[in-house]
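Please keep the sequence and the 3D view at hand while reading.

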Amino acid sequence: MSLNKKSIDDINVKGKRVLVRCDFNVPLKDGKITDENRINGALPTIQKLIKDGGKVILCSHLGKVKNGPNEGESLAPVAAALEAKLGQKVTFVADYNVTGEAATKAVSEMKEGDVVLLQNTRFRGKEETKPQEAGDAFAKELADLADVYVCDAFGSAHRAHASVAGVTKFITAKGGENVVGYLMQKEIDFLGKAVENPVRPFVAILGGSKVSSKISVINNLLDKVDTLIIGGGMSYTFQKAHGGHVGQSLVEEDYLDYAKEMMAKAEAKGVKMLIPVDTVVTKEFKNDTPFHVVEAGCQEDDDMGMDIGPKTCELYKDALKDAKTVVWNGPMGVFEFPNFAKGTIAVAEELAQLTDATTIIGGGDSAAAVNNLGFGDKMTHISTGGGASLEFLEGKELPGVVAANDK
Ligand code: AMP
């Protein structure tokens with residue numbers, strides 16, 4: 001699927017108020033941004049709109065805002081980072097009301113090429129739990145500030161929130177355009193091409209903690225890939241379903257039948273499905289504890305599987321060697337503990353060496369792992385959206401994409 005949606009290249013924004021939904025949901029520690037990737041990802045769209053003479057109004061959520069508006073989840077640090085990166089003033093509307101008088105005033109004073117950043121959209125309540133009417137009221141207030149709406153928040157595109165999708169009907173009602181930005185376009189192009197029209201062999205690597213959170217992804221990808229590699233905590237449910245003994249490892253008993261079903265589906269479709277052949281085990285869930293390698297499915301009752309073993313690393317690296325398209329989502333082990341990050345590192349290293357393949361990293365933990373290991377620039381594309389890229393791989397339509405006008 002390539003994106004048949006209007007983008008910022010298809011509209012004239014000169015002199016217009018352009019509301020851009022970005023994904024500025026950045027990690028913060030003591031008020032400092034610890035990873036600026038999402039801000040960097042938003043820059044091409046913002047810079048294009050500035051250059052074209054738009055009045056650029058940015059909005060985003062940040063964090064979960066569980067206990068109501070608070071300074072710790074204010075977008076103020078993002079405004080400062082943006083100002084430095086854009087090399088121009090970014091007027092931050094700190095008002096917790098987001099779309100209130102302060103915002104209206106700031107927007108009314110904008111000139112072409114100016115940038116305003118609104119406060120955290122979730123300060124108006126969790127957008128998804130709002131009654132429809134309240135969500136609509138907020139969506140309308142957002143639309144009232146603008147003439148045109150640009151969705152560039154891939155990380156939120158799977159949510160039908162007021163600032164992601166709700167706003168579009170009010171923009172349409174006043175004759176405005178709803179389009180996607182460059183980041184959305186890039187994400188959908190890469191993920192879409194990989195899944196719908198991959199250069200083969202197409203290999204998908206799935207890891208992370210749970211089978212239950214990746215059911216639809218496994219099911220959908222089995223219709224597309226040549227090889228499916230399973231690692232991480234979720235592999236133990238497959239190992240047990242395969243008749244193995246996995247001790248205290250993470251297992252979802254309710255999904256054993258599903259795992260069997262998926263292995264049968266792979267066989268019926270001629271998809272090579274790889275599960276670990278050896279495992280690094282411990283007796284305790286921590287980094288500083290003795291560990292050793294056992295054959296997969298041969299764990300003691302008190303053994304806990306923490307990572308794929310060395311033979312599995314070789315097996316997986318070998319399966320990746322000839323790949324022309326690779327999609328990876330989820331770590332191979334408890335990579336937060338250095339002793340159990342080896343499997344994840346091995347996969348990242350192998351992908352970094354594939355110069356003749358399209359390598360796509362789903363967001364979340366695998367993106368963090370690849371970036372932290374310094375392999376970020378060796379991958380073709382690192383998605384900025386964990387949940388959104390997963391839903392995309394499930395074959396679902398994303399509300400943030402659907403809401404944009406067709407070309
Ligand atoms: P997910 O959010 O489902 O992608 O899972 C990511 C998490 O899975 C990371 O925090 C990993 O520590 C965890 N994980 C990976 N392998 C294992 C394992 N063998 N046992 C427990 N947790 C794991």
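Helices (H or I, at least four residues) and strands (E, at least two) are DSSP runs, numbered from the N terminus. This is a predicted model, in which local features need pLDDT of at least 70 and side-chain atom pairs count only at pLDDT 80 or more, while totals for chains, interfaces and linings use all residues. Residues are numbered from 1 along each chain as its sequence is written, and side-chain values use heavy atoms, with hydrogens and water left out.

**The sheet**

Six strands, in the order β5-β6-β4-β1-β7-β8, form an open sheet with parallel pairing, where two strands pair if DSSP finds at least two bridges between them. The edges are taken by β5 (90-92) and β8 (178-180), each of which has a single partner strand, so one side of each is left without a neighbour in the sheet. On average, neighbouring strands of this sheet are turned by 25° against each other, direction ignored; axes are lines fitted to C-alpha atoms, for helices over the stretch in contact, and angles run from 0 to 180 degrees between N-to-C directions.

Helix α2 (residues 76-86) packs on the sheet and touches β4 (55-59), β5 and β6 (115-117), its direction making about 170° with that of β5; contact here means heavy atoms within 4.5 Å. Strand β7 (residues 148-151) pairs with β8 in the parallel sense over three bridges, and Tyr149 has Asn178 in β8 as its bridge partner.

**Backbone angles in loops**

Asp30 lies in the loop between β2 (28-29) and β3 (32-33), whereas Val98 is placed in the loop between β5 and α3 (101-108). Their positive phi values, in residues other than glycine, are listed here.

| Residue | Phi |
|---|---|
| Asp30 | near 50° |
| Val98 | about 70° |

Asp30 counts as exposed, at 74% relative accessibility, while Val98 counts as buried, at 1% relative accessibility; buried means under 20% relative accessible area, exposed over 50%, and partly exposed in between, with a 1.4 Å probe and protein chains only.

The peptide bond from Arg200 to Pro201 is cis, with omega near 5°, and Pro201 is found in the loop between α6 (182-196) and β9 (202-206).

**A buried histidine**

His381 belongs to strand β17 (residues 381-382) and is buried, with a relative accessible area of 3%. Leaving aside neighbours within four places in sequence, His381 is in contact with Lys186, Glu187, Phe190, Thr359, Ile360 and Ile361.
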